[in-house]
2 protein chains.
Amino acid sequence: MPHRIVIVGGGYVGLYTALRLQKGLRQGEAEVTVVNPENFMAYRPLLPEVASGTLEPRHAVVPLRAVLRGTHFICGALTGIDSERRVATVQLEAGPPRELEYDQLVLGLGATSKLLPVPGLAERGIGFNSLAEAAHLRDHVLGQLEIAAATTDPELRRCALTFVFVGGGYTGVEAIAELQDMALDVLEGYPELDRTEMRWILVEAMDRILGTVSEDLADLAATELTARGIDIRTGTLLESAENGVLQLSDGTKLASDTLVWVAGTRPQSIVGRLGLPVDERGRLVVDDTLRVHGRSDVWSAGDCAAVPDPEQGGTCPPTAQHAVRQAQQLGDNLLLTVRGQAVKPFRYNSRGEFVTLGKNKAVGEVLGRKVNGTLAWTLRRAYYATQIPTWNRTVRVLGDWAVGMPFGHDVVDFGSREQPRGAFQEAADR
Amino acid sequence: MPHRIVIVGGGYVGLYTALRLQKGLRQGEAEVTVVNPENFMAYRPLLPEVASGTLEPRHAVVPLRAVLRGTHFICGALTGIDSERRVATVQLEAGPPRELEYDQLVLGLGATSKLLPVPGLAERGIGFNSLAEAAHLRDHVLGQLEIAAATTDPELRRCALTFVFVGGGYTGVEAIAELQDMALDVLEGYPELDRTEMRWILVEAMDRILGTVSEDLADLAATELTARGIDIRTGTLLESAENGVLQLSDGTKLASDTLVWVAGTRPQSIVGRLGLPVDERGRLVVDDTLRVHGRSDVWSAGDCAAVPDPEQGGTCPPTAQHAVRQAQQLGDNLLLTVRGQAVKPFRYNSRGEFVTLGKNKAVGEVLGRKVNGTLAWTLRRAYYATQIPTWNRTVRVLGDWAVGMPFGHDVVDFGSREQPRGAFQEAADR
């Protein structure tokens with residue numbers, strides 16, 4: 001009987017592990033099943049561009065069924081595993097749960113927003129981890145501009161034009177940079193509004209933004225953002241978010257309808273309920289071959305795992321680059337395991353990093369050299385374009401970029417997509 | 001003081017009236033304000049292609065702010081008018097309502113789904129009038145394919161693969177044709193499913209589909225759809241839609257999670273509450289100059305108005321072509337009124353009609369000649385491409401079409417966009 005390999009999660013870890021297996025497995029060696037609650041993988045480095053409308057949401061994703069040829073796909077979410085029986089239980093969108101038997105199990109469950117006990121945060125905040133959130137933020141910001149332009153109430157106008165992002169890491173910086181860039185660009189469509197009325201505030205608890213990139217790059221980014229009118233508050237916390245007022249630890253009170261919470265992530269809660277060893281941050285403990293500690297048949301990598309960092313010591317940071325390299329080694333190790341050979345440790349060489357700051361604006365470090373401005377932005381695009389795993393998407397992304405250049409951002413607010421049955425209900429109610 | 005012209009509605013009537021005024025008004029002659037609950041106009045003939053994913057939703061719309069240069073725009077919905085004071089009251093997205101004073105008022109409020117008293121319809125049905133509904137249907141159909149592919153329950157599988165459309169007019173035929181075409185095309189991504197398992201049923205009360213187009217064209221369309229496996233039930237009604245079972249008047253019972261209700265439209269309910277004369281179908285009564293009966297300062301056209309048909313007698317059918325021509329005359333008549341000149345009656349010459357039936361498939365009549373297949377489909381595209389009122393959109397639509405040709409439909413289901421705060425709430429709950 002072929003090996004049964006079940007991969008839970010269709011993010012970087014799940015997808016790249018599956019692709020490695022698809023390429024490496026010989027006929028009849030193993031049967032591979034990928035389980036994910038959505039039938040696509042959001043290509044995360046492109047989310048800021050989805051949020052600014054530079055890319056169509058559909059072009060920033062990988063359709064899992066299109067790339068998983070010869071690999072089974074099940075749309076559903078893991079609810080538990082029975083390690084004795086080697087069975088994973090999956091909740092489907094409809095109908096009874098399914099039990100999947102495995103010989104080898106891969107857990108690539110990623111991460112979700114890590115909330116702190118700030119009063120009002122759960123009710124008011126929005127994250128920036130998924131395509132749904134990125135698309136929502138774009139519509140939300142455009143919706144706030146419409147509210148400000150339509151009202152005659154000065155307080156409401158000020159509230160609508162105040163945008164607060166909490167968390168100055170990679171995600172927060174890219175999100176505020178792209179959205180503010182879009183908002184500035186579309187303002188010509190809103191003759192009622194003036195750019196000096198908009199307030200964009202980035203709140204960071206540490207003493208500098210972009211804590212995980214080099215200090216030089218972080219400084220470059222901070223200078224660029226400040227020059228564009230983004231108000232960076234380092235060493236500052238969000239203390240409460242009640243009754244429409246955001247209270248910061250520096251004493252500032254902001255009336256705002258936009259609270260983007262990007263102050264870190266943590267593993268999905270299911271990870272802690274699997275009966276597997278986790279570290280103090282809730283991540284699965286794996287060895288350098290990506291096998292879960294004490295298990296011969298369970299593997300993990302990416303943001304839900306504490307992977308030893310072969311370069312810096314400690315554990316790997318939660319970046320897309322790390323997840324992809326880990327998944328490639330994980331796939332290779334599964335091939336070796338299926339064939340009864342010795343597995344190998346994960347190795348890593350960083351190729352560089354980029355932070356996008358809006359259209360034609362970015363900072364980066366490539367092979368040890370710093371770049372910024374249009375050059376960094378172009379290199380970043382070129383890099384990601386080559387990394388998208390299907391030719392179809394590459395063409396579409398390049399197409400969006402090409403068409404976007406002469407035309408700039410647009411102001412279409414699709415918030416109504418979030419209530420598709422609204423009109424029908426209204427028609428029924430009278 | 002310049003004339004104050006308030007245009008309520010940003011659909012065909014509102015947009016084309018405003019564009020006519022923008023082009024024709026001399027400096028200082030009048031101040032024009034357009035009011036619409038969304039900041040875009042869905043380009044309705046393209047909705048079926050949005051539903052099949054051939055076009056990006058954003059490319060099938062006109063951003064009102066981008067085309068309304070020199071015309072004010074307010075994002076909001078009409079709640080009433082005071083004819084004595086000449087004031088329209090508008091509910092905004094946030095904050096207190098606004099009162100807009102007018103000298104001339106244009107009502108282009110369009111239409112909404114007309115529901116019949118079928119038990120369960122209000123809870124289960126979805127319309128096909130808006131961009132939100134078209135995008136939702138695409139995600140919904142792809143979601144049903146995922147449900148069918150993931151489950152081991154044969155009844156659930158059958159239910160998920162049964163798609164019922166009630167209403168065989170223009171909208172219903174185009175919607176079912178495009179969606180079924182997409183579903184057939186994407187099935188290769190679902191090796192678990194077989195095309196013979198899908199059931200697509202079109203229910204029509206009259207004895208033929210496409211009652212408003214010529215019998216020859218309707219026959220062509222019916223033949224094509226039947227050959228593709230669409231089950232057309234003419235002379236049939238939906239009797240109930242309770243407990244997940246659709247009961248048809250021919251005795252058929254269908255377990256289905258997809259009920260698209262496209263059996264006609266009617267004016268928005270606000271139209272009947274304005275104190276203006278309406279006909280038995282709830283439409284504003286206007287004369288052939290598009291002025292509301294008995295009023296010198298209120299105008300209407302399109303689907304919310306009973307416009308005398310100069311070609312066939314009776315009133316004009318609710319088509320995009322009619323609405324656009326009416327709006328152009330309405331705009332001209334406003335210009336004449338502002339200048340104190342005599343207004344002119346609406347005239348019309350139909351240029352032809354097309355029904356899209358999927359990729360490379362259509363039937364049509366142009367200048368009295370019937371066309372079908374790829375030729376009709378290409379002519380339809382060429383016609384609409386030239387009709388889109390901004391060059392930006394034309395390029396993007398042509399781009400989508402060009403890229404789509406080699407690649408076909410894709411299977412990305414974005415249903416998660418409808419709950420953008422879901423992940424954050426979940427993160428908060430534990």
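Buried area is the accessible area (1.4 Å probe) that two parts lose on being put together, summed over both. The model shown in these views is predicted.

**View 1. The interface between chain B and chain A.** About 7,100 Å² is buried between the two chains. Carbon and sulfur atoms give 55% of that area. Three residues, Arg58(B), Arg417(B) and Phe424(B), supply 13% of the area that chain B buries against chain A, more than any other three. In contact terms, 82 residues of chain B meet 82 residues of chain A.

View 2. In one salt bridge, the side chain of Arg65(B) meets that of Glu146(A), at 2.8 Å from N to O.

**View 3. Elements of chain B that touch chain A.** Several helices and strands of chain B each supply at least two residues to this side, including β5 (72-82), α5 (131-150), α11 (391-407) and α12 (422-428). The largest share comes from α5(B), with 11 residues. By class, the residues of this side of chain B divide into 38 nonpolar, 19 polar and 25 charged.

View 4. An unreviewed UniProt entry places the feature "domain: FAD/NAD(P)-binding" at residues 4-327 of chain A. Over this stretch the chain is 28% helix and 27% strand. The end C-alpha atoms of the stretch are 18 Å apart.

Terms used
Residues numbered from 1 in each chain as written. Chains lettered and ligands numbered in written order. Predicted model: local features only at pLDDT ≥ 70, side-chain atom pairs only at ≥ 80, totals over all residues. Heavy atoms only, no water. UniProt positions renumbered as here; feature names shortened; annotations may be inferred. Helix = DSSP H or I, 4+ residues; strand = E, 2+ residues; numbered from the N terminus. Contact = heavy atoms within 4.5 Å. Salt bridge = Lys/Arg side-chain N within 4 Å of Asp/Glu carboxyl O. Nonpolar A, V, L, I, M, F, W, Y, C, P; charged D, E, K, R; others polar.
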